[in-house]
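Welcome! Take a moment to look over the sequence and the 3D view, and then we will walk through a few features together.

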Amino acid sequence: MTAARTAPAGLPDGPILSVRNLHLAIAGRRRQTPILRNVSLDIVPGEVHGLVGESGAGKTMIGKVILGIQPSRAVITGGSVRFDGRDITHLPERERRSLMGRGLGLIPQDPMTSLNPAYRIGGQIADVLRLHLGMDRAAARARALELLDDVHIREPERVLHQYPHELSGGMRQRVLIAIAFACRPKLIVADEPTTALDVTVQRQVLALIKEMQAQEGASILFVTHDLGVVAKICDRVTVLHGGRVLEAGDTRRIVESPQHDYTRALMAATPRHDRPGDLLQPVPEALTARLNAEALAYDAAPDAARAGHG
Ligand SMILES: Nc1ncnc2c1ncn2[C@@H]1O[C@H](COP(=O)(O)OP(=O)(O)OP(=O)(O)O)[C@@H](O)[C@H]1O
Ligand SMILES: [Mg+2]
C-alpha cells in the first residue's frame, strides 16, 4: 500500500514536490479535528498526478497546503512539504508570495468567481506578469496576447479588452489556465478545474490543460473526484479517503487492477465512456463505515503503533 516512489516510464526521477507523512488538523475550541492523516505523495517533473476521492476526503486541503493558503485554523501537526528541493512546510508569507507565479500556480474550480469582475481580462493577465516577472506594460500586454492565443481564444485582441462577465464559463476557464501558466510555473495545482463546466466544454478544457502542460513541461496536481478524468489525463494517481492515502500508483495499474476495496468501489461509481449502459454503484455504506472506523482507530493509536502504517 506504499506510494510508488519511482517516476513513470519516460519521466525523469527526483520529485519536484514531495509531501511526507503530512498530518493536519483543524483547531477547535476544545480539541483538534484531524483532517489529513499521514499523507505522502511525490510528483516528478512533467508528471500529471491525480488526487482522487469523494467529497471531504481532503483533496482541496492538500492543494491548499502546497500553495500555503490553508485556513488559519488548519494546523500542520506533522510531516513536511518539499518543493523544488526546499522545505516549504512553514514558509513565511513573503517567501510564500515569491513562490507563486514562477514556482507554483493554481487553476481554480470556479471560473465565475476567480476573476475580478471589475477589471478587463488583459489587465488581469498583465498584472500577474508584471508582479511575478517584473515585465513592463508593453511586454506584459504582448505576452498576454500570446497566452490568450496559446489557450485557443479566438480574437484575443478583443478579449483583452473585455470584462469577465462578457465571457462564457469555458472562455473564463481558458483565461484562468492562461494565468496559471503565465509565469511558467514548475507545478500547478488544478482543483476540480472542469467540474463547474458543461460536459462538452469539460472535455475541451481537459484537452487544453494537457496540451499546455505538455508544451510548458509543468507538473500538475490534478484534484478530482472522477476516476474517468484521471484515466484520461494523469500519469499517476493517489486515492484519498478520510484524509488517508489508501492506494497510489501508475494510473493504468490503478484503473486496470485496483488493489484497495475503496478504489474498486470508486471505479464502480464512475461513469465509463466505453460502457455507457453500465449501472453505477454508489460506494457501499459498509465500506465507508469501515474506513471511517479505521481513521478513528488511527487517530487513537499511540504514535509508536502508527509507525509504518499509512
Ligand atoms: N476552513 C475549514 N474549517 C474547518 N474544516 C474544514 C475547512 N476546510 C475544510 N475543512 C474540512 O476538511 C475536510 C477536507 O475538506 P476538503 O475541502 O479538503 O475536501 P475535498 O476532498 O476537497 O472535498 P470536495 O470534493 O467536496 O471538494 C472536510 O472534512 C472539511 O469539512
Ligand atoms: Mg475540494
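## A loop residue and its surroundings

D226 touches V52 and T270, leaving aside residues up to four places away in sequence; contact here means heavy atoms within 4.5 Å. This is a predicted model, in which local features need pLDDT of at least 70 and side-chain atom pairs count only at pLDDT 80 or more, while totals for chains, interfaces and linings use all residues. Residues are numbered from 1 along each chain as its sequence is written, and side-chain values use heavy atoms, with hydrogens and water left out.

Where does D226 lie? You will find D226 in the loop between strand 8 (219-224) and helix 8 (227-233). Helices (H or I, at least four residues) and strands (E, at least two) are DSSP runs, numbered from the N terminus. With a relative accessible area of 23%, D226 is partly exposed, because that class sits between buried (under 20%) and exposed (over 50%), using a 1.4 Å probe and protein chains only. A polar atom of the D226 side chain is 2.7 Å from the backbone nitrogen of G228. E192 is 34 residues from D226 along the chain, and their C-alpha atoms are separated by 9.1 Å.

## An enclosed helix

Now turn to helix 1 (residues 59-67): 7 of its 9 residues are buried, so this helix is largely enclosed by the rest of the structure. Those buried are K59, M61, I62, G63, V65, I66 and L67. Just after helix 1 comes G68, which takes a positive phi of about 75°.

## Where two domains meet

An automatic or database domain assignment gives the bounds of domain 1 (1-8 + 16-103 + 193-310) and domain 2 (113-182).

| Feature of domain 1 and domain 2 | Value |
|---|---|
| Distance between C-alpha centres | 29 Å |
| Area buried between them | about 1200 Å² |

Buried area is the accessible area (1.4 Å probe) that two parts lose on being put together, summed over both. Carbon and sulfur atoms give 68% of the area buried between domain 1 and domain 2. On the domain 1 side, R102, L208 and M212 lose the most area to domain 2, together 39% of what that side buries.

How values were computed: Chains are lettered from A and ligands numbered from 1 in the order in which they are written. A polar contact is a pair of N or O atoms within 3.5 Å; within protein, one must be able to donate a hydrogen and the other to accept it, and residues adjacent in sequence count only if both atoms are side-chain atoms.
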